[in-house]
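Here's a quick briefing to read with the model open beside you. Start at the first stop below and work your way down.

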Amino acid sequence: MAQTLYDKLWSSHVVHTEEDGTALLYIDRHLVHEVTSPQAFEGLRLANRTPWRVDSIVATADHNVPTDRAEQGIADPTSRAQVEALDANIRAFGALAYFPFRDKRQGIVHVIGPENGATLPGMTVVCGDSHTSTHGAFGCLAHGIGTSEVEHVMATQCLLQKKSKSMLIRVEGELGKGVSAKDIALYFIGVIGTAGGTGYAIEFGGSAIRGLSMEGRMTLCNMAIEGGARAGMVAVDDTTIDYLRGRPFSPRGDQWDRAVAYWRTLRSDDGAQFDRVVDIDARAILPQVTWGTSPEMVTDVRGQVPAPEDFADPVKREGVARALQYMGLAPRTPIDQIRIDKVFIGSCTNSRIEDLRAAARVVEGRRVADNVKLALVVPGSGLVKAQAEAEGLDRVFKAAGFEWREPGCSMCLAMNADRLEPGERCASTSNRNFEGRQGAGGRTHLVSPQMAAAAAIAGRFADVREVV
Amino acid sequence: MKAFTVMDGLVAPLDRANVDTDAIIPKQYLKSIKRSGFGPTLFDEWRYLDVGEPGQDHSKRPLNPDFVLNQPRFQGASILLVRENFGCGSSREHAPWAIEDYGFRALIGTTFADIFYSNCFKNGLLPIRLPEKEVEQLFLQCAGTPGYSLHIDLDRQVVLRPDGHSIGFDVDPFRKYCLINGFDDIGLTLRHADKIREFEARRRIEQPWLFA
Ligand code: SF4
């Protein structure tokens with residue numbers, strides 16, 4: 001029978017199935033960061049257990065690390081304690097690789113896995129972090145887990161899971177100028193809603209997806225979780241294989257050839273059945289901007305903020321009213337008249353080299369607007385930072401008035417010192433615009449790197465297609 | 001893990017959709033390396049008028065009198081009534097830890113986000129999915145009835161309203177079995193250790209590059 005990519009990834013990892021269909025799924029790669037692991041390590045210790053397979057673990061410190069003056073260490077004592085706890089736990093238990101604070105390969109966990117070839121097609125990849133869906137870009141089954149599950153995977157190399165339903169999001173056609181993977185992501189969430197993918201694993205397909213780089217596919221899969229799906233994935237093709245060739249943990253020699261032969265089977269068979277198919281015309285996607293406190297509250301840059309009365313459902317109407325109040329926006333405000341205070345280019349959604357190149361192209365030769373108090377560029381990893389500096393992108397940003405920082409999660413969730421003050425409005429390339437996400441009382445608008453760059457220059461949201 | 005069988009509890013209604021885990025517990029508290037003590041910071045930004053910091057004495061902070069959990073009639077509630085897509089966003093298990101530590105044992109709503117839903121079961125919390133119209137009724141009854149309580153029976157898979165109306169719910173048999181017995185999943189999984197080893201050995205031969 002014709003199988004979906006998800007079927008193939010699922011069935012090749014089932015160790016055991018309970019009567020009700022709950023499966024014990026073997027886990028190939030376990031990514032670990034400082035926030036969701038300390039309690040899991042403690043649990044292991046209390047139960048006198050050791051990790052089942054230490055060489056499945058790749059770890060880094062990312063959520064808490066400062067992005068400026070990193071040479072001075074971590075000032076916040078609670079953040080420091082958490083990062084030091086990870087250092088100590090990895091020292092005690094071991095790992096295939098650890099990229100600690102200030103290591104030159106340190107970075108956001110979802111950036112370092114792929115760039116080191118630690119994320120490979122056909123793997124199951126888990127991490128105590130919801131954006132683990134990112135790794136599905138490589139034809140992996142990758143999803144976020146809770147801390148109890150982190151401990152479970154460490155102790156047993158397996159996860160208890162029920163198979164999800166499958167959804168195909170098919171994007172056909174060519175993307176317009178200035179439209180990127182981030183816009184596809186925000187657009188599809190606008191279509192299916194933030195709960196639309198709950199209970200599903202999403203495969204992204206169609207010619208527009210095949211045309212995306214690995215960076216773009218990662219951006220898209222990263223936000224599958226924002227559409228409610230634990231996992232997002234893209235079939236393996238030449239783009240995948242070319243990206244992986246020669247990475248530190250990629251196979252070599254005849255292992256490489258064997259691997260590639262297998263990887264090429266990692267796509268949905270013709271005629272495979274999905275539980276739901278969503279068709280999207282790539283040409284309908286314009287640069288997106290969120291206006292509310294949920295990623296589904298999104299429109300395009302030519303649009304306007306809606307009014308609560310546009311919504312028939314009373315729960316929705318109430319939600320929109322509350323969101324507009326929190327965001328400090330009047331109904332019917334045109335998106336391109338919303339002025340901003342800060343700009344954040346970074347996060348596991350959009351901090352890879354291609355994202356920085358795209359933003360730099362918009363910024364080059366221009367200046368950040370006077371009303372913008374802070375414009376930050378935070379590369380996703382030390383390697384991304386080094387690559388960008390080699391290409392001179394740091395100079396482009398700095399000349400325009402941006403700050404060029406050290407890698408980490410930074411203002412995506414503001415666990416470190418980078419944050420919004422109450423009432424501040426931010427054009428952000430991250431993935432969540434929840435209340436308080438970037439700092440208590442902060443107001444987040446999600447956009448692509450190009451759009452964030454254009455907003456920095458204009459001091460308000462601006463149609464990047466008119467800038468470049 | 002605490003076992004869950006039957007309970008009677010006061011209901012507190014949280015009438016908003018898409019409540020995310022950043023709202024359930026904001027990031028500054030994620031710096032803790034402990035698993036307990038998150039109850040006082042549950043729904044922190046809605047519950048208090050100031051911005052909280054870890055390590056603070058939360059009992060001295062100014063409460064937001066408008067927030068539902070601060071109203072006298074909902075003190076001691078152990079069932080949280082919620083709207084669709086509750087628990088969306090980050091995978092932080094601190095969210096169910098905070099809910100449990102506050103004193104809730106069960107949640108009732110239409111839909112829960114996937115990761116949050118499974119995190120609940122690992123912490124002795126029962127998330128119950130009911131049809132929209134049943135949830136709507138519960139919100140209405142709860143609003144109109146001081147001291148509104150429900151009876152939940154996990155074994156029989158029913159929620160019993162005070163007016164005698166009983167509502168059946170679905171739960172995976174395996175999850176139910178673990179919760180009723182208070183079993184820890186790791187122990188259960190390790191009963192299959194031989195199978196895992198066999199699987200791993202086969203994989204090592206078929207895809208040796210995964211074991212480099
Ligand atoms: S960048 Fe943001 S979303 Fe990504 S892992 Fe870090 S905190 Fe989470």
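Let's begin with a sheet in chain A: five strands line up in the order 17-16-15-18-19, giving an open sheet with parallel pairing. Strand 17 (403-404) and strand 19 of chain A sit at the edges, and each has a single partner strand, so one side of each has no neighbour in the sheet. Keep in mind that this is a predicted model.

- Strand 19 of chain A pairs with strand 18 (residues 425-428) of chain A in the parallel sense, over four bridges.
- A:Thr444 belongs to strand 19 (residues 443-446) of chain A.
- Is A:Thr444 buried or exposed? A:Thr444 has a relative accessible area of 1%, and under 20% counts as buried, so A:Thr444 is buried.
- The side chain of A:Thr444 makes a polar contact with the side chain of A:Gln438, at 2.7 Å.
- Leaving out residues up to four places away in sequence, A:Thr444 touches a set of residues including A:Thr290, A:Gly292, A:Met327, A:Leu420 and A:Cys426.

- Strand 1 and strand 2 of chain A make a hairpin with five residues between them. In the turn, A:Gly21 has a positive phi of about 95 degrees.
- Three bridges hold the antiparallel pair of strand 1 and strand 2 of chain A, and A:His16 has A:Leu24 as its bridge partner in strand 2.
- On to the next pair: strand 2 and strand 8 of chain A run antiparallel and are joined by four bridges. Here A:Leu25 stands opposite A:Leu159 in strand 8 of chain A.

**Where chain A meets chain B**

- Interface size is often quoted as the accessible area lost when the parts come together. For chain A and chain B the buried area is about 5600 Å², with 56% of it on carbon and sulfur atoms.
- The contact draws 73 residues from chain A and 60 residues from chain B.
- There are eight salt bridges across the interface of chain A and chain B. One links B:Glu200 with A:Arg53, with the closest N and O atoms 3.4 Å apart.
- Between chain A and chain B, 36 residue pairs are in polar contact, both residues being at pLDDT 80 or more.
- Several elements of chain A each supply at least two residues to the side that touches chain B, among them strand 1 (14-17), strand 2 (23-26), helix 5 (147-156) and strand 8 (158-161).
- Helix 5 of chain A gives the largest share of that side, seven residues.
- By type, the residues on the side of chain A that touches chain B split into 28 nonpolar, 27 polar and 18 charged.

**B:Arg161 in chain B**

- B:Arg161 lies in the loop between strand 6 (158-160) and strand 7 (166-168) of chain B.
- With a relative accessible area of 10%, B:Arg161 is buried.
- The side chain of B:Arg161 makes a polar contact with the side chain of B:Asp163, at 3.0 Å.
- Leaving aside neighbours within four places in sequence, the contacts of B:Arg161 include B:Glu134, B:Gln137, B:Tyr148 and B:Ile167.
- B:Arg161 and B:His151 are ten residues apart along the chain, and their C-alpha atoms are separated by 6.7 Å.

Notes
Residues numbered from 1 in each chain as written. Chains lettered and ligands numbered in written order. Predicted model: local features only at pLDDT ≥ 70, side-chain atom pairs only at ≥ 80, totals over all residues. Heavy atoms only, no water. Contact = heavy atoms within 4.5 Å. Buried area = accessible area lost by both parts, 1.4 Å probe. Salt bridge = Lys/Arg side-chain N within 4 Å of Asp/Glu carboxyl O. Polar contact = N/O pair within 3.5 Å; in protein donor to acceptor, adjacent residues only side chain to side chain. Nonpolar A, V, L, I, M, F, W, Y, C, P; charged D, E, K, R; others polar. Buried < 20%, exposed > 50% of the residue type's maximum accessible area, 1.4 Å probe, protein only. Pairing = 2+ DSSP bridges.
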